[in-house]
Amino acid sequence: MVPVAQLYARDIPLLRPPGRSDLLQVLWCPSEHDPDSSIPVEVSWRTAADVTDALAAPPEPFEADEYLYIPKPCVLAPEQITEYPHYGELPEELREQTKDPALWQAAGIVVDEADPQQLYDDALSHAPGWKTGGWSRWGLTDPVPRFCVACGTAMVPLLTIASSEWERNTTSWIPYEDQPAGAPDDIWFNPPGITVLDANRLQLYACPANGGHPHTSLVQ
């Protein structure tokens, strides 16, 4: 197993760890496994004060199917944002409103009249990239509820691990620290030197009624 993310509750107030734990650690196996070519994920809640004698460097895996499954170490700068549900999770009335260009124009917002909903999808709904909490991103499948296998409680998103941070049509989500003054919007892609999962999108869910017990699910 190789380390993927280590998050402290002091840096992310909405992390909501169970009990007295204040540290979330996520690891995965850098090799794909049958029958669905998935990568096993290990999620641990810990108490930072109890972690002693930490290694100076984590051990390297003996083998890996793909080098992009081995993240490069980096320091995180958490940024809190506001995002809205995926279009498919909105009530029917709100769905129709997002498709009405007149409502956007009345608010002083310029939209593509041929596809006004696209602005909601790109700039307001389900932020791209790695994130804790928030709303799920759906693509190949319609939104489906996810329930804890232990108690049946509806689970909430815990951590999203994405293949990319932003694209040309989602530049409004670029973190502040990556937005130099005066840079044109259309030049931005992913941060240079950042290696992320070369897959679709790995979504970790947690059960709020079962001690934050995590489950993993690949959301494409």
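This is a predicted model: local features need pLDDT of at least 70, side-chain atom pairs count only at pLDDT 80 or more; totals for chains, interfaces and linings use all residues.
Biologist: Leaving aside neighbours within four places in sequence, with which residues is His126 in contact?
Modeller: Residues are numbered from 1 along each chain as its sequence is written, and side-chain values use heavy atoms, with hydrogens and water left out. Contact means heavy atoms within 4.5 Å. On that basis the partners of His126 are Glu83, Tyr84, His86, Asp121, Lys131, Trp135, Ser136 and Arg137.

Biologist: Which side chain makes a polar contact with the side chain of His126?
Modeller: A polar contact is a pair of N or O atoms within 3.5 Å; within protein, one must be able to donate a hydrogen and the other to accept it, and residues adjacent in sequence count only if both atoms are side-chain atoms. The side chain of His126 has such a pair at 3.5 Å, and the partner is Arg137.

Biologist: Is His126 buried or exposed?
Modeller: His126 lies in the loop between helix H3 (117-124) and strand S4 (131-132); helices (H or I, at least four residues) and strands (E, at least two) are DSSP runs, numbered from the N terminus. Buried means under 20% relative accessible area, with a 1.4 Å probe and protein chains only. Because its relative accessible area is 6%, His126 is buried.

Biologist: Which elements do the buried residues of H3 pack against?
Modeller: The buried residues of H3 are Gln117, Tyr120, Asp121 and Asp122. They pack against H1 and helix H2 (101-106).

Note on methods: Buried means under 20% relative accessible area, exposed over 50%, partly exposed in between (1.4 Å probe, protein chains only).
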